[in-house]
Structures are given as C-alpha cells and as structure tokens.
Amino acid sequence: MSETTGAGYAAASYKTAGVDIEAGDRAVELMKEWVKKTQRPEVLGGLGGFAGLFDASALKRFERPLLASATDGVGTKVDLARRLGVYDTIGHDLVAMVMDDIVVCGAEPLFMTDYICVGKVHPERVAAIVKGIAEGCVLAGCALVGGETAEHPGLLGPDDFDVAGAGTGVVEADRLLGPDRIRKGDAVIAMASSGLHSNGYSLVRHVLLNQAGLSLDARIEEFGRTLGEELLEPTKIYSLDCLALTRTTDVHAFSHVTGGGLAANLARVIPDELHAIVDRSAWTPAPVFELVGRTGQVEQLELEKTLNMGVGMIAIVPQESADVALATLADRGVASWIAGEITDRGDHATGAELTGTYAV
C-alpha cells in the first residue's frame, strides 16, 4: 500500500512530479569525459561546481583586452534531431552559432557555457548532446566550462528538448575588426557553408516535411544520402580558420551568414558610405537550397533572406591580400572564392546586394 497524506493523496516527491535528480546526476557523469577534452590551461576546477572558472590573468598578454560575448541557440533544427534520434551533432551547431559570431570582431574564443532544457532527462541522450557541444568547442578552440540541464515536465514532452549557449572571447583593442577598417576596392571572400547550417529550418521543415510530405529516411539522389542526413549536417565552425586569416593577412572585417541571409548579414559590417556587391555567378549553391526553393515555390529573394545559399562566412580583405587569404583557407581545407568587392554607396539603400545569376 502506498503512503498517503491526510487528504488521501499519495505522498508527493520531486520524482513523482516528473523531475529525476538521479537521472540528472548520471547524465553529468556520462558527459564529464567529453567536457574534459575541451579544457584550456586557463580553466580552473572541474565539472559540477556552481560556476565555471577561467583564469583572467592569462589576459595580461594583451595591452588592452576587449571581451566579446554572444549567446544563441539552434532553432527548430532540434526537432529534426529529436525525430531522427541523433543527438551528437546538434552541439556543433550550437558552438558554431555562438563562437562564429564572436570571431567576427577578431576575437579569440575563450570559453562557453550551455543550457539544455528537456521534458525528461534521458542520461545517454543528454550526454550525447554535450558530446557534440564539447567536440564543437574543440573545433572552435574554446573551453566548455559549465552548463545547466533543466528538466521541465508538463511544459515539454518526454522526448522534447532545446539547447542554448553563451560564449566569451577576447581581442586586442587595436586589432578589433569592423566597418571602420573597410575600404573601397576591398575584396569580398566567401567561405563555403556545410549546408543549411542552423537557420531557416522553420521554412525548410514546412516546405519539405509538411507541404511535400517527404520522409526523413528518403534517399535523395542529388544529396547522395537521406534527407535527414542532409538536414542534420552540422554547421561549419569557422573560428580557427578566421583567426588563421588574421595572422596571415590584413583582414578588415568578417560577417557570419546566419538568419537574414548573406546580403543582410554582410550589410551589418559595411560603413554607411560604402556598398558591397556580391556576384551570384561566383558559386553554385548546394542542391538542398534548390530543392527547398523548387519544392516550396519559394521566391529567390525570400530564399536568400532565409538561408545562407552556400556561404557561411565572409572575409573582407584588401584586394592585394586576396590571394594570400584564399591560400590560407585552402591550406586549412576551407573552400573559398572571391565573391565580390566593396564600392561607393551611391544611391544604394542598403549596404550589400547580390547581383547576377547563380552558376549551375
């Protein structure tokens, strides 16, 4: 017979309310080995403390260190991870969305924290998510110093989850990149995306899954793999590639192509008196972009302001430095090309535009 209260109800506990502390503890144990792989020498303490510690005395090597911070999530791409039961890639997306924003100003990624919210703690699932985050941190050169796993029964279904993260980087004040460095005649260098990255999935899911009724298990000939595998392709992490560029050439600015598309994100780093012109004929977007556009009859401009169209990061460099920049990226295995140039603003209402037609 179960224990009851005076009112006749079974005695309540946190676990009967849906929160399993023991499962959370097991998840922490499972993720420890992955978090350890991200450690930098400046990190103090281990996983499980109330706060992550980073030795700021390491910043003494800077004359005037500026801290850069960013926070982000991965949007509705988590729904595809849930549907496919694949949890160890979504963390790459999270790190990319945070740390590739930080590196835009020339900052070196230092450390990151994560927040994972679930309807029910499945220890192995949470550990797989953290594994992906840790692997992403290694690729970005930063430490994963802490995080939080929250169980929200009643608000989220047992298999539902979401992830978010925040990161910090540092840049020397006189090495800060941005609009004030850009000059007329600069080259606009595009770095290839690994696919859709982590933006526009509400449109992608609506078109391909809801409207067209495609199965995530369906093999798509032009992809050479299943639709689900294509849609879960992790976001490219450019942080260390961008930092390598700053060491080999005179970078004036970077632009991380995320929500809003290439033109809108590029315009964010263009000064008022200048204009960026990007020639679509310089590259061919991957088949997934064409599939979304054709299947949903999405107008080209709508597609371009929602998806990255094959370009995940932009570097703006002096024209005479373009060859060195391209060689540096090629040595690091990053596909890149000269996609445009910086001109006078003239009568242009916005700071950047796409011209021409995509190569086929």
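User: How many residues does helix α4 have, and what distance does α4 reach from its first C-alpha to its last?

Analyst: This is a predicted model, and in it helix α4 covers residues 123–140. At 1.5 Å a residue, a span of 26 Å is expected for α4, and the span found is close to that.

User: Is α3 roughly parallel or oblique to α4?

Analyst: Helix α3 spans residues 90–102, and its axis lies 6 Å from that of α4 where the two pack, at an angle of about 40°. Angles under 35 degrees would count as roughly parallel and those of 65 to 115 as roughly perpendicular, so the angle makes α3 oblique to α4.

User: Which residues of α3 meet α4, and what is the hand of the crossing of α3 and α4?

Analyst: On the α4 side the contact is made by Ile 129, Gly 132, Ile 133, Glu 135, Gly 136, Cys 137, Leu 139 and Ala 140, and these are met by Ile 90, Gly 91, His 92, Leu 94, Val 95 and Met 99 from α3. Sorted by class, the contact comprises nine nonpolar, four polar and one charged residues. The hand of the crossing of α3 and α4 is right-handed.

User: Against which helices do the buried residues of α5 pack?

Analyst: Helix α5 runs over residues 201–211, and its buried residues are Tyr 201, Leu 203, Val 204, Arg 205, Val 207, Leu 208 and Leu 209. Beyond the helix comes Gly 213, with a positive phi near 65°. The helices against which the buried residues of α5 pack are α2 (77–84), α6 (227–231) and α9 (287–296).

User: At what angle do the axes of α5 and α9 cross?

Analyst: The contact joins Val 204, Val 207, Leu 208 and Gln 211 of α5 to Leu 291, Val 292, Thr 295 and Gly 296 of α9, and by class it holds five nonpolar, three polar and no charged residues. The crossing of α5 and α9 is left-handed. Their axes come within 9 Å, and the angle is roughly 65°.

User: Is Thr 258 buried or exposed?

Analyst: Thr 258 sits in the loop between β10 (253–256) and α8 (261–267). Leaving aside residues up to four places away in sequence, Thr 258 touches Met 97, Asn 199 and Asn 265. Its relative accessible area is 11%, and because the cut-off for burial is under 20%, Thr 258 is buried.

User: Is Asp 331 buried or exposed?

Analyst: Asp 331 belongs to helix α11, residues 322–331. Its C-alpha atom is separated by 9.9 Å from that of Asp 241, which is 90 residues away along the chain. With a relative accessibility of 70%, Asp 331 is exposed.

User: What percentage of the residues in the protein is buried?

Analyst: The protein has eleven helices and 14 strands. Among its contacts between residues at least 6 apart in sequence, 84% join residues at least 24 apart. Of the 360 residues in the protein, the buried share is 51%.

Notes:
Residues numbered from 1 in each chain as written. Predicted model: local features only at pLDDT ≥ 70, side-chain atom pairs only at ≥ 80, totals over all residues. Heavy atoms only, no water. Helix = DSSP H or I, 4+ residues; strand = E, 2+ residues; numbered from the N terminus. Expected span 1.5 Å × (residues − 1). Buried < 20%, exposed > 50% of the residue type's maximum accessible area, 1.4 Å probe, protein only. Contact = heavy atoms within 4.5 Å. Axes fitted to C-alpha atoms, helices over the stretch in contact; angles between N-to-C directions. Parallel < 35°, antiparallel > 145°, perpendicular 65-115°, else oblique. Left-handed = near helix turned anticlockwise from the far one by under 90°. Nonpolar A, V, L, I, M, F, W, Y, C, P; charged D, E, K, R; others polar.
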